[in-house]
Amino acid sequence: MNADQLDELQALAEENISADQISQVAGTIQEQGVNLDLGSIAEQAGLPADIIGQISGLLGK
């Protein structure tokens, strides 16, 4: 993990998003693979789509 990715994770934590939520979203993103539906993931996780997009970006998806 590089410094930019660490900064993004810290920003997510400051937005009161738990490590468990980040982990669950990351797992879902990896499971969906090519058929990534950020809106659906956001709805399932109860988080804004921009947060899901940030997590997706950290994963390189």
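In this predicted model, the axes of helix H3 (residues 38-45) and helix H4 approach within 9 Å and cross at roughly 115°. The two helices are therefore roughly perpendicular to each other, and their crossing is right-handed. Serine 56, a residue of H4, takes part in this contact.

**Contact of H3 with H4**
- On the H3 side, the residues in contact are Leu38, Ile41, Ala42 and Ala45.
- On the H4 side, Ala49, Ile52, Gly53 and Ser56 meet them.
- By class, the contact of H3 with H4 consists of six nonpolar residues, two polar residues and no charged ones.

**Serine 56**
- Serine 56 sits in helix H4, which covers residues 49-58.
- Serine 56 counts as buried because its relative accessibility is 3%, below the cut-off of 20%.
- Leaving aside residues up to four places away in sequence, serine 56 touches Ile29, Leu36, Leu38 and Lys61.
- Of these, Leu38 belongs to the H3 side of the helix contact.

**Whole protein**
- The secondary structure consists of four helices and zero strands, in the order α-α-α-α along the sequence.
- The radius of gyration is 11 Å, close to the 10 Å that the globule rule gives for 61 residues, so the protein is as compact as a globular protein of that length.
- The C-alpha trace spans about 30 × 20 × 15 Å along its principal axes.
- Of the 61 residues, 23% are buried.
- Among contacts with a separation of 6 or more, 53% join residues 24 or more positions apart.

Terms used:
Residues are numbered from 1 along each chain as its sequence is written. This is a predicted model: local features need pLDDT of at least 70, side-chain atom pairs count only at pLDDT 80 or more; totals for chains, interfaces and linings use all residues. Side-chain values use heavy atoms; hydrogens and water are left out. Buried means under 20% relative accessible area, exposed over 50%, partly exposed in between (1.4 Å probe, protein chains only). Contact means heavy atoms within 4.5 Å. Axes are lines fitted to C-alpha atoms, for helices over the stretch in contact, and angles run from 0 to 180 degrees between N-to-C directions. Angles under 35 degrees count as roughly parallel, over 145 as roughly antiparallel, 65 to 115 as roughly perpendicular and the rest as oblique. A crossing is left-handed if the near helix is turned anticlockwise from the far one by less than a right angle, and right-handed if clockwise. Ala, Val, Leu, Ile, Met, Phe, Trp, Tyr, Cys and Pro count as nonpolar, Asp, Glu, Lys and Arg as charged, and the others, Gly among them, as polar. The radius of gyration is taken over C-alpha atoms; the globule rule is 2.2 Å times the number of residues to the power 0.38.
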